[in-house]
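The sequence and the structure are shown first.

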Amino acid sequence: MIRHGLVLGGGGVAGVAWQTGLLAGLLEGGVDILDADVIVGTSAGSTVAAQITSGTPLGELLARQIDPALQAPELSPVLDTDDLLELSLDAHDGATDALDLRRRLGAMALAAPTVTEAERRAVIEARLPSHDWPRSELKIVAVDAETGAERVFGPASGVALVDAVTASCAVPGAWPPVTIDGRRYVDGGIRTTENADLAAGCDRILVLQVMAAPGRTHLDDQVAALRGRGAKVSVIRPDDSSASAIGPDLLDPAVRESAARAGHEQGLHAAPAVAALWR
């Protein structure tokens, strides 16, 4: 039996909108990706993963992105974009390896001024149509702020879905680390932005990559490893129209409508190629 994997990467509220639009476009183009056996969600991708496995029709999820009257309320970070970039660069400076970098980013997150955990959790609650884990194999990635170790939440983890998604979306410096079982967790994207390696064991894998940072080869390395094990893997990144719609600030709620519409159009165009992968 062929096993299918869907990997949904990080990318802020803009990434939620674009990935939702793209999946809706694929469906409208005749490709139902929601039958994936394994879904990996990181940061923005964890929101999308929880939404698309909730039983809510994709058309309704798309409407929640493009109709201002249906859009979930969002908060603005206490720190502006420039401050967040400076803190991130400071954390990167002097990091000895990937694990050390995660710990440094976690320490930065623990010290940064943010909204409260309760305020941030309420935002995620409003985003999710259902607060129950689905029956499908859903993997939501977060990172321990102190140790830098990853933690993969799923239906059997004993952790509430809202808490898992809130932790996975806790961008260091922008949002507060999330307390779960006495530990503090931050954005799973500081492990790698997509964590595609967690789809190992699937034969057909579709990866949605919202942001590709220059010099970062994590996804390329993971895709090569998956292909080395015999998997067929396709990566979809924003095309020029989608990139323009998303803009430079992935945390800006104002771009949700344009990003979702561009993603939908891109999904329609990508449907034939994805259909060939998925069968």
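Predicted model: local features only at pLDDT ≥ 70, side-chain atom pairs only at ≥ 80, totals over all residues.

**From the annotated span to the helix contacts**

The end C-alpha atoms of residues 6-200 lie 11 Å apart, and this span is 41% helix and 14% strand. Helices (H or I, at least four residues) and strands (E, at least two) are DSSP runs, numbered from the N terminus.

Residues are numbered from 1 along each chain as its sequence is written, and side-chain values use heavy atoms, with hydrogens and water left out.

The chain over residues 10-15 is 67% helix and 0% strand, with its end C-alpha atoms 7 Å apart.

Helix H1 covers residues 12-28 and packs with helix H3 (residues 58-66) at an angle of about 145 degrees, their axes being 9 Å apart. Axes are lines fitted to C-alpha atoms, for helices over the stretch in contact, and angles run from 0 to 180 degrees between N-to-C directions. In this pair, Val 16, Ala 17, Thr 20, Gly 21, Leu 23, Ala 24 and Leu 27 of H1 meet Leu 58, Leu 61, Leu 62 and Gln 65 of H3, where contact means heavy atoms within 4.5 Å. By class, the contact of H1 with H3 has 8 nonpolar, 3 polar and no charged residues. Here Ala, Val, Leu, Ile, Met, Phe, Trp, Tyr, Cys and Pro count as nonpolar, Asp, Glu, Lys and Arg as charged, and the others, Gly among them, as polar.

H3 also packs with helix H10 (residues 256-278), at an angle of about 140 degrees and with the axes 7 Å apart. H3 is therefore oblique to H10; angles under 35 degrees count as roughly parallel, over 145 as roughly antiparallel, 65 to 115 as roughly perpendicular and the rest as oblique. Leu 62, Gln 65 and Ile 66 of H3 make the contact with Arg 256, Glu 257, Ala 260, Arg 261 and His 264 of H10. The residues of this contact divide into 3 nonpolar, 2 polar and 3 charged.

Between helix H4 (residues 81-92) and helix H5 (residues 98-111), the axes come within 8 Å and cross at roughly 140 degrees. H4 is therefore oblique to H5.

The whole structure holds 14 salt bridges, each a side-chain nitrogen of Lys or Arg within 4 Å of a carboxyl oxygen of Asp or Glu. Arg 3 and Glu 137 meet in a salt bridge (3.5 Å, N to O). Because Arg 3 lies in the segment before strand E1 (4-8) and Glu 137 in strand E3 (residues 137-144), the pair ties together parts that are 134 residues apart in sequence.
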